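Here are some exercises to work through with the model open beside you. Try each task before you read its solution.

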Amino acid sequence: MNRKKEITYLQARQELQELVEELEKPDADLGQIAAKVKRALELVTFCRNYLRKVQEDTEAIIETHEKD
Amino acid sequence: MEKMDLIDLQRILEEAISQAFEEPCWVRAEINQVSVRNGHCHLELVQKEEVTDKLLAKAQAVIWSSVYSILNPYFRTSTGMDFRSGLQVLLRVEPRMHPLYGLSLVVTDADPSYTIGGLELERRKTMERLEQEGILDMNRQLPFPPVPLRLAVISSEAAAGYQDFRDHIGLSRYGFSITLFPALMQGSDAPSSIISAMDQVIGSGSDFDVLVMIRGGGAATDLHCYDNYDLAANIAQFPIPVITGIGHHKDVHIADRVAHLALKTPTAVADYLDGHLAAEEEGLFRLSHNLERTVQRRIEDEKQSLNYFLRDIGGAVRWLLQQQEHLLELMEQRIKHNNPMNLLNKGYSLTLFRGKAVLDASLLKEGDKVQTILSKGSFGAVVHDIEN
C-alpha cells in the first residue's frame with residue numbers, strides 16, 4: 001500500500017477505521033497483515049501529530065488574542 | 001367803614017397769627033415742590049383728598065439754612081432720602097405772616113418716623129398689587145441660563161460701581177460681553193429712566209442672557225425709586241432674568257424682591273456670574289470624566305467577556321481533541337490486539353497452506369507442503385501423521 005502524499009485528518013481516520021475492521025475479520029489475508037498493521041500504526045501517528053498541531057495552533061491563537 | 005393801608009392790614013394779620021400760634025404746632029402734609037436757594041429750603045405743602053387726589057389745602061413753608069443744615073442730614077439718615085415731592089411729612093411749624101412776603105410756615109423740626117411709616121404702607125400696597133396681578137414672582141421663575149455670557153447692563157456710565165463691575169468681569173477667564181444701556185440710577189426720575197433703558201434692551205434686537213441692573217455707587221441716598229410700582233412691574237415681567245446690584249445697606253427694595261437675584265454690590269454681581277460659569281464648567285468636567293470612566297469600564301467588561309469566550313473556545317477545542325485522541329487510542333489497541341506477531345512472540349507458530357492459515361488438519365493430506373511462520377523467520381515442511 002503506497003502512502004498518499006496529501007491526506008486530510010478525516011481521510012486518515014477513515015482509512016484507519018477500514019484497516020482496523022479488515023484486521024478484525026477472521027479470514028484476513030495473513031500475508032498482508034504485517035504491512036496493514038504497519039500502515040495503521042503510521043496513520044495513528046499521523047492523526048496524533050495532526051491533533052497535537054491543532055492543539056498548539058489553537059492555544060497560540062487564543063494566547064495572542066487574550067493579550068489586551 | 002374805616003379805610004386802611006395794605007401794610008396796616010398785613011400788620012394786623014401778622015399780630016393775630018403770632019398771637020394765635022404762641023407755640024409751634026405739628027402738621028401733616030405732602031410735599032408738592034422743593035427748592036433749595038442760598039442754603040434755605042423752600043417747600044410747597046399740600047393736602048389732597050384721599051381717593052380723588054383733589055387739592056384741599058396748600059401752603060408755603062421754609063426751612064431756614066441754620067435748621068436745614070442739621071435737619072436734612074437727620075431726615076436723610078432716618079428715611080434714606082432728602083425732602084422731595086410726593087413725600088408725606090410730619091413737620092413742626094411756626095406760622096408766620098410777613099407784610100411783604102405773606103403767610104409762611106417756618107419749619108423747626110420734622111418727624112422721620114411718620115414718613116417711614118407712610119413709605120412702608122405705600123410699599124406694602126405696591127407688593128399687594130404686584131401679587132394680586134400675579135406678576136410678583138414672574139422674573140424669579142424664569143430659568144437661569146447655564147452660560148450667562150451676554151450681559152445687558154443698566155447703569156450710569158461714568159459711575160464707580162459700573163467701572164467696578166467692568167473691572168471684575170474683565171478679570172474673569174470667561175468671555176463675557178457687556179452692553180451698557182445708560183440710565184439715571186437714583187432719585188425720583190430713576191424709574192422712568194430705567195424703564196426706558198429696559199425698553200431699549202428689548203428693542204436692541206440683540207440676544208442677552210441676563211439683565212444686570214447696577215447703581216453707580218456713592219452714598220445710598222434716595223433709593224425710594226426702587227420701591228416704585230412701574231419699575232417693579234417692568235422688572236417682574238422682563239423676559240430674561242434680572243440681577244440687581246443696587247448697593248444699599250438697609251432693607252430690601254421691591255425691585256430686589258421681584259428681580260431674579262438681588263446682590264448687594266456691582267462687584268458681587270460680577271463675582272456671582274463668574275462663579276456661576278466656573279460651577280457650570282466644573283459640572284461639565286465631572287460629566288466628561290464620568291463618561292470617560294464609564295466607557296473605560298465598559299470596554300474592560302467587554303474584554304473580560306471576550307477572554308471568557310476565548311477560554312470557552314479553548315475548552316471546546318481541547319474537548320474535541322481529547323475525543324479524537326480517545327478514538328485513536330481505541331483503534332490502536334484494536335490493531336495491536338489483532339497483530340498475530342503478539343502470539344508468535346509467545347512461542348506460538350502459524351502454518352500456512354497455499355497462503356492461508358491452516359486451522360483444520362483434516363483439510364490437509366500427507367505430502368502437502370506447508371510453510372510455518374515463527375516469531376523470527378519461517379521454514380517449509382511436508383505433512384505426515386495427520387490426526388483429526
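**Exercise 1. Find the volume of the largest pocket, and state which elements and residue classes line it.**

Step 1. The largest pocket holds about 1,100 Å³ of space. A pocket here is an open set of points on a 1 Å grid over the protein atoms alone, with protein on both sides within 12 Å along at least five of seven lines. Points are joined across faces, edges and corners, and the volume is the space filled by probe spheres set on them.

Step 2. List the lining, meaning residues with an atom within 4 Å of a point. There are 31 such residues, and B:E30, B:G86, B:L87, B:Q88 and B:E122 lie nearest the centre of the pocket.

Step 3. Assign elements: β1, β2 and α3 of chain B each give two or more residues to this lining, and α3(B) gives the most, with nine. Helices (H or I, at least four residues) and strands (E, at least two) are DSSP runs, numbered from the N terminus.

Step 4. Sort by class: nine lining residues are nonpolar, eleven polar and eleven charged. Ala, Val, Leu, Ile, Met, Phe, Trp, Tyr, Cys and Pro count as nonpolar, Asp, Glu, Lys and Arg as charged, and the others, Gly among them, as polar.

A word on the source: this is a predicted model, in which local features need pLDDT of at least 70 and side-chain atom pairs count only at pLDDT 80 or more, while totals for chains, interfaces and linings use all residues. Residues are numbered from 1 along each chain as its sequence is written, chains are lettered from A and ligands numbered from 1 in the order in which they are written, and side-chain values use heavy atoms, leaving out hydrogens and water.

**Exercise 2. Locate the largest cavity and say which chains' elements line it.**

Step 1. The structure holds one cavity of 30 Å³ or more; a cavity is a set of points where a 1.4 Å probe fits but cannot get out. About 30 Å³ of space lies in the largest cavity.

Step 2. Its lining consists of A:Q55, A:T58, A:E59, A:I62, B:G314, B:V317 and B:R318. Two or more of these residues come from each of α2 (30–66) of chain A and α8 (266–337) of chain B, with the largest share, four residues, from α2(A).

**Exercise 3. Trace the barrel of chain B and the helices that pack on it.**

Step 1. Five strands form a closed barrel in the order β1-β2-β3-β5-β4 (chain B), with mixed pairing; strands pair if DSSP finds at least two bridges between them. Neighbouring strands are turned by 50° against each other on average, direction ignored.

Step 2. Helix α2 (residues 65–79) of chain B touches β1, β2, β3, β4 and β5 (heavy atoms within 4.5 Å). Its direction makes about 45° with that of β5(B), using lines fitted to C-alpha atoms, for helices over the stretch in contact, and angles from 0 to 180 degrees between N-to-C directions.

Step 3. Helix α3 (residues 112–132) of chain B touches β1, β4 and β5, making about 135° with β4(B).

**Exercise 4. Where does B:N38 lie, and is B:N38 buried or exposed?**

Step 1. B:N38 is in the loop between β1 and β2 of chain B. Although not a glycine, B:N38 has a positive phi of about 55°.

Step 2. B:N38 counts as exposed because its relative accessibility is 75% (buried is under 20%, exposed over 50%, partly exposed in between; 1.4 Å probe, protein chains only).
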